[in-house]
Amino acid sequence: MTATDTLRDTLRATLRTLVGEAHVLTEGDLTAYEQDWRKRERGHALAVVRPGTTEEVAAVVKACAAAGVSLVPQGGNTGMVVGSIPDASGTQVLLSLQRLNRIRTIDAANLTVTVEAGCVLQTLQEACEKEGFLFPLSLAAEGSCTIGGNLATNAGGTQVVRYGNTRELCLGLEVVTAQGEIWSGLTGLRKDNTGYDLRHLFIGSEGTLGVITAATLRMYPMPASQLTAFAAVPSLDAAVELLGLAHKHLNAGLTGFEVMGDFALGLVRKHFPQQNVPFGGLSPYCVVLENSDHESESHAREQFERLLEAALEQGCVLDAVVAENIAQARALWHIRESIPLAQAQEGLNIKHDISIAVSRIPAFVAETDTLLEQHFPGARLVNYGHLGDGNLHYNVQAPDNADAEAFLRDQEGPINALVYEVVDRYNGSISAEHGIGSLKREKLAHHKSPVALGAMRAIKGALDPHNLLNPGRVLSVD
């Protein structure tokens, strides 16, 4: 046995003492922790450690820091950019936060909820609803993603147009630093101008600056009514025009506005034929939009009717259907949420999570579609996403009957380069809500200004000088 082996065995023994034998996993099937959600990569952990309290997290971080061993924080492991699994070296500790899953307090008067990082998003939504409140973050993975991961990646979802990203929903954090110290900032204050706002450093940092263990989050009064409409539009320009009308007619009631290309919807029809997708082939795009009203259902329906009448008169909507009940609304939203699953059924694909100013999206799509068709004939474009906040999932599927694995291997680099070059020309972002992880780390160096990258490295060096927290993610650190 080498000295390195002895040190690793000693660390494992220390970790078992800190969190209990049952919560340090080194053998058996660890796929759930070591393989990323998209199954692109599989790592190997020195140990999977599952602390149950913030104090245990701090003790684990201190022990790893003393041993010079890096940690990879992980929530629900639903990330899209290979940012929360260990590398293949077998030298990293996988720090699972799933046991920190308690809802600590709900403060009705302050409209806040304090929750631990391992709490599943859907569990939080249901707990708030039980008390008569809305926690508006909504994602396709809400049944398995966790609050800590949502914060670490600044997750977006389908209601950003009204409530903002996870960052806008957070009033305070509890964080374990790279040195194993605990910073508690869970005050729930909406105003606190006492220097740098540290929470904003940790939100979106993907576990590279500190380990989020708890958060105080905003709640909202539950709307009296939530209505959903599904509309066929003749073009992306028309979809943007409809969005403007929706802002005018619904104001703050507009809580969701999603666009879906006909090919994306066609994949849902093909792989999930039991779903009743409206307006098949009628238009190149469809939109699903949601109106949340605090007065009554009848008032919400009147608003929707006036909006759709105006849209039909202006020609930016060809046809539309408004859900008559909750079941129909869920069915319409389920169509949108099924697109990623239908893509997976169709085969491997090249994903782009990009953001462009809403006004420029039609021109961006027209230009990029043309370039892709010229340089990659037969490639199929799966275009859908959160038009209300300018975020598209602009994905590229292999040509029909082509070898999808070979297409991904040979064409992912050139296609990414083409798409991201156009994104840069439109002053957009190569990552709207999925983060950087390791998958986009090298690309970030080409699409972020040297000044910004220098500032980011300075922050990383100050907070994690030994590069022990999720190394190799977001930034390349020399």
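Colleague: Which residues does N291 touch, not counting residues up to four places away in sequence?

Modeller: This is a predicted model, in which local features need pLDDT of at least 70, side-chain atom pairs count only at pLDDT 80 or more, and totals for chains, interfaces and linings use all residues. Residues are numbered from 1 along each chain as its sequence is written, and side-chain values use heavy atoms, with hydrogens and water left out. Contact means heavy atoms within 4.5 Å. N291 touches S225, Q226, L227, L250, G253, T255, A300, Q303 and F304.

Colleague: Is N291 buried or exposed?

Modeller: Buried means under 20% relative accessible area, exposed over 50%, and partly exposed in between, with a 1.4 Å probe and protein chains only. N291 has a relative accessible area of 0% and is buried. A polar atom of its side chain lies 3.3 Å from the backbone oxygen of A300.

Colleague: What is the strand order of the open sheet of 5 strands?

Modeller: Strands of a sheet pair through backbone hydrogen bonds, either parallel or antiparallel. Strands (E, at least two residues) and helices (H or I, at least four) are DSSP runs numbered from the N terminus, and two strands pair if DSSP finds at least two bridges between them. Here the order is β5-β6-β10-β8-β9, with antiparallel pairing. β5 (103–107) and β9 (182–185) each have a single partner strand, so one side of each lacks a neighbour in the sheet.

Colleague: How many bridges join β8 to β9?

Modeller: Strand β8 (residues 170–177) is joined to β9 by 4 bridges; E174 has S184 in β9 as its bridge partner.

Key. Polar contact = N/O pair within 3.5 Å; in protein donor to acceptor, adjacent residues only side chain to side chain.
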